[in-house]
Amino acid sequence: MTPSDADYQRAVDLLLAGELVALPTETVYGLGADAANPAAVAKIFAAKGRPADHPLIVHLAGHDAVEAWAEQVPAVAWELMETFWPGPLTLILKKQAWVPDAVTGGQNTVGLRVPGHPVALELLRRFAAAKGSHAGIAAPSANRFGRISPTTAAHVAEELGEAVPLILDGGPCAVGIESTIIDCSRGEPVVLRPGHISPLHLEAVLGRAPAIETSHGAPRVSGSLEAHYAPTTPLRVVTGERLLDFLNAQRHRGGTCGVISPNQPPQAGMPHAWRMLPADPVGYAHDLYAALRDMDHASVDLIVVEALPAGAEWAAVADRLRRAAAGAGQI
């Protein structure tokens, strides 16, 4: 999908006027507003029902905009930008004094990234040309707070409807889960949210595996709450060896299940719905949110997810599933 010149112009006009625009990125669809305009940013929180102290990620057109938003940018942050931008990596940096508290959750840090999606980049370039200085788009995932992130334009329309004046359709998202967040504001780089760019990728640049920290001492970042990415249907994660017994017990109780698994469904006793996902972590991540959304619409009593393999390469997906299970079933 490629938006027309008129679509881009309407998006830029809406952003300059302090309105919301949903845009595709390579990770998930974002709900965008002019990050330098606190009143516009407030509309993101209102549309999502997002807590006001939860910081946003600012999307930029390129590396050259970083120092308008961040100060004391360490050399290691520039190395990470050179390697992974445009792409699914967010850097937490000390913010410039002018950056609105509405974006940072009142903290002295700001999350920045250059997205690796042609539609997002084109919009960011056009917005920067029109606005001049301090051009950035704050864009958390375009869904109600705590719910499943959208990976298609149709998901955004289903979630937010009339709350968004314009949805730019860039087709399905290539990655399918949110960006890796790495904190460069406190010395040694620390991963605050795992994502598509893994600790192994980061180690190749840093020369050592970064620490992974999701404790309360770290800067608050997007997607770090215990319950997040959640379906409205209750969700359980069950190990492969227990899966069949668990499903049989559910059926005997009269309950209906939808299963998400990298394996084929059993020949006998097929549950109400079965969604087979790729058995590799990149493919699994790409399909996960769409699968959760499908199961949420499948009229089942319980979503059952077969437990993932152990291993660092599965860390990002495991993180999303753990938070989804914590928040699932809570309207």
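These are my notebook entries on a few spots I looked up in this predicted model.

**Ground rules**

I count residues from 1 along each chain as its sequence is written, and my side-chain values use heavy atoms, with hydrogens and water left out. Since the model is predicted, local features need pLDDT of at least 70 and side-chain atom pairs count only at pLDDT 80 or more, while totals for chains, interfaces and linings use all residues.

**Entry: helix α6**

I started with helix α6, residues 118–131. Helices here are DSSP runs of H or I with at least four residues, strands are runs of E with at least two, and both are numbered from the N terminus. How far apart should the ends of α6 be? At 1.5 Å a residue, its 14 residues should span 20 Å, and the end C-alpha atoms are 20 Å apart, so that agrees. (The expected span is 1.5 Å times one less than the number of residues.)

Next I looked up which residues of α6 are buried (under 20% relative accessible area; exposed is over 50%, partly exposed is in between, with a 1.4 Å probe and protein chains only). I got Val119, Ala120, Leu121, Leu123, Leu124 and Phe127. An α-helix has 3.6 residues a turn, so residues three or four places apart point the same way. The buried residues of α6 pack against α1 (5–16), β1 (21–23), β2 (30–34), β3 (57–59) and β6 (137–138). After α6 comes glycine 132, with a positive phi near 85°.

**Entry: two single residues**

Is arginine 293 buried or exposed? It counts as buried, because its relative accessibility is 4%. I found arginine 293 in helix α10 (residues 281–296). Its side chain makes a polar contact with the side chain of glutamate 158 at 3.5 Å. (A polar contact is a pair of N or O atoms within 3.5 Å; within protein, one must be able to donate a hydrogen and the other to accept it, and residues adjacent in sequence count only if both atoms are side-chain atoms.) Leaving aside neighbours within four places in sequence, arginine 293 is in contact (heavy atoms within 4.5 Å) with Ile148, Ser149, Pro150, His155, Glu158 and Glu159.

Alanine 39 sits in helix α2 (residues 38–48). Alanine 39 is exposed, with a relative accessible area of 54%. Its C-alpha atom is 13 Å from that of leucine 14, 25 residues away along the chain.

How many cavities of 30 Å³ or more does the whole structure have? My search turned up 2. (On a 1 Å grid over the protein atoms alone, a cavity is a set of points where a 1.4 Å probe fits but cannot get out; lining residues have an atom within 4 Å of a point. Points are joined across faces, edges and corners, and a volume is the space filled by probe spheres set on the points.)

The largest cavity holds about 240 Å³. It is lined by 24 residues, with Ala139, Pro140, Ser141, Glu178 and Arg193 closest to its centre. By class, I noted 7 nonpolar, 11 polar and 6 charged residues in that lining. (Ala, Val, Leu, Ile, Met, Phe, Trp, Tyr, Cys and Pro count as nonpolar, Asp, Glu, Lys and Arg as charged, and the others, Gly among them, as polar.)

The second largest cavity has a volume of about 80 Å³. Among its 14 lining residues, Pro55, Leu56, Ile92, Gly111 and Arg220 lie nearest the centre. The largest share of this lining, 3 residues, comes from β5.

Definitions and conventions:
1 Å grid on protein atoms, 1.4 Å probe; cavity = no way out; pocket = protein on both sides within 12 Å on 5 of 7 lines; lining within 4 Å.
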